[in-house]
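Here is a short briefing on how one protein chain packs together. Keep the structure open as you read, and find each residue as it is named.

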Amino acid sequence: MVGLGERISRLRKERGWSQEELAGRLEVTRQSISKWESGTSVPDLEKILRMGELFGVSTDFLLKEGEEAQPSGRAEEARSVSREEAEAYLSAVERLAPRKALAVALFILSPVVLFLLQSGKESGIFPLPAGLAEGIGLVVLLGMVAAGVGLLILSGLPRYDYLEEREIALSREGKEWAKSCREGFRPRLQRGVAVGVVLCILGAAPVVLAGSLDAGEPWGSVCFCMLLILVAGGVYGFVRHGVVYNAYAKLLQEGEYTRRQKELNRRFAYLPGVYWCLATALYLGISFLWNSWDTSWIVWPVAGVLYAALLSLLYGLAEARGRKETKSCEQERKRERS
């Protein structure tokens, strides 16, 4: 009969991990691993779930006794990543992060010219023919959006997609190097976030000032455009530094890039394309049908909040279902023992 301890030992050795390495991944001591494998103690439910994720097997396979128990599916072999490969990836991310940040800033700034031309026309500052102000503004808006999309495409790193899709095995030297570099990057991240927060807070000042002075056009639109410019500057800092910091999480398989999270991402891979296509269709439909380009931009922040809420709900339901199945397996195992 093959018990839980023997199965843990076999799976660990198949991966080429020492007891100390497995302990590090599970955030326990090496002595705990030794006791589990010898059968002198049993891991709790949370650790069994985590081991199922690490080994790529079902919790039923881990808990069920006997040789007849088989893995629910062969675990995908972890992709080995050397320190040199990690350095090349981080260097590429550092080089391309400003492009991604600029692309997001362009999206935020895209309606500025449209607002200014429309308010200038209404106030008589820009005596343009009917429809010309809106036409020029829309051309600039679409041009900036197109430029932003182009920058995002050019800043992609398809050769490193496996960091998001597969489990990786970063060498010990590479892991230590990545952790050290991340600690060195933290001050830059903190400065970038601090500047971004300050700019976003200051962005509200022109709008508040215009409201308190009851400023009419074109000053109301000018103040709103100043808000967009300051927010764009703040978001640029968030994205530029956040992209780099996120790269360290990918290499170290932390946060959103654990094995379990990657599995969930693959399960819901269809969602972003469907959701954002619908959001774009809604934005264009509202803007064209009601000619409300000056206000329809609100679709994007609302869509972003709803998307985050939808992801949290779906991932939470998937996690709850996994825990329920694991609990049922553990109860069945206890009944078989009794």
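Under 35 degrees, they count as roughly parallel. Keep both cut-offs in mind for the helix pairs below. The model is predicted.

**Helices α7 and α8**

- The axes of α7 and α8 lie 8 Å apart, and the helices pack at an angle of about 170 degrees.
- That angle is over 145 degrees, so α7 and α8 are roughly antiparallel to each other.
- On the α7 side, Val113, Leu114, Leu117, Gln118 and Lys121 make the contact.
- On the α8 side, the contact is made by Ala133, Glu134, Ile136, Gly137, Leu138, Val140 and Leu141.
- The residues of this contact divide into 8 nonpolar, 2 polar and 2 charged.

**A closer look at α8**

- Helix α8 covers residues 132–154, which is 23 residues.
- At 1.5 Å a residue, α8 should span 33 Å, and its end C-alpha atoms are 33 Å apart, so the two values agree.
- Which residues of α8 are buried? They are Ala133, Gly137, Leu141, Met144 and Gly148.
- An α-helix has 3.6 residues a turn, so residues three or four places apart point the same way.
- The buried residues of α8 pack against α6 (83–109), α7 (112–123) and α13.

**Helices α6 and α10**

- The axes of α6 and α10 (residues 172–212) come within 9 Å and cross at roughly 25 degrees.
- This crossing angle is under 35 degrees, so α6 and α10 are roughly parallel to each other.
- From α6, the contact uses Arg83, Ala86, Glu87, Leu90 and Glu94.
- From α10, the contact uses Glu173, Gly174, Trp177, Phe185 and Arg188.
- The residues of the contact of α6 with α10 divide into 4 nonpolar, 1 polar and 5 charged.

**Aromatic pairs**

- How many aromatic pairs does a search of the whole structure find? It finds 8.
- One of them joins Tyr275 and Trp276. This pair is edge-to-face, with 5.1 Å centre to centre and 85 degrees between the planes.
- Tyr275 also pairs with Tyr307. Their ring centres are 5.0 Å apart and their planes sit at 45 degrees, so this pair is tilted.
- The pair of Tyr275 and Tyr307 links distant parts of the chain, 32 residues apart. Tyr275 is in helix α13 (residues 270–290), and Tyr307 is in helix α14 (residues 299–337).
- Tyr275 is buried, at 17% relative accessible area, and Tyr307 is buried too, at 15%.
- Trp276 is partly exposed, at 29%.
- Elsewhere, ring pairs link Tyr89, Tyr160 and Tyr162 into a cluster.

- Leu22 is found in helix α2 (residues 19–26). Is Leu22 buried or exposed? With a relative accessible area of 0%, Leu22 is buried.
- Beyond its neighbours up to four places away in sequence, Leu22 touches Ile8, Arg12, Trp17, Ile33, Leu54 and Phe55.
- Leu22 and Met51 are 29 residues apart along the chain, and their C-alpha atoms are separated by 9.0 Å.
- Ser221 is found in helix α11 (residues 219–252). Ser221 has a relative accessible area of 14%, so it counts as buried.
- Leaving aside residues up to four places away in sequence, Ser221 touches Phe115 and Ser119.

Key. Residues are numbered from 1 along each chain as its sequence is written. This is a predicted model: local features need pLDDT of at least 70, side-chain atom pairs count only at pLDDT 80 or more; totals for chains, interfaces and linings use all residues. Side-chain values use heavy atoms; hydrogens and water are left out. Rings of Phe, Tyr and Trp (its six-membered ring) pair if their centres lie within 6.5 Å; planes under 30 degrees apart count as stacked, over 60 as edge-to-face and the rest as tilted. Buried means under 20% relative accessible area, exposed over 50%, partly exposed in between (1.4 Å probe, protein chains only). Helices (H or I, at least four residues) and strands (E, at least two) are DSSP runs, numbered from the N terminus. The expected span of a helix is 1.5 Å times one less than its number of residues. Contact means heavy atoms within 4.5 Å. Axes are lines fitted to C-alpha atoms, for helices over the stretch in contact, and angles run from 0 to 180 degrees between N-to-C directions. Angles under 35 degrees count as roughly parallel, over 145 as roughly antiparallel, 65 to 115 as roughly perpendicular and the rest as oblique. Ala, Val, Leu, Ile, Met, Phe, Trp, Tyr, Cys and Pro count as nonpolar, Asp, Glu, Lys and Arg as charged, and the others, Gly among them, as polar.
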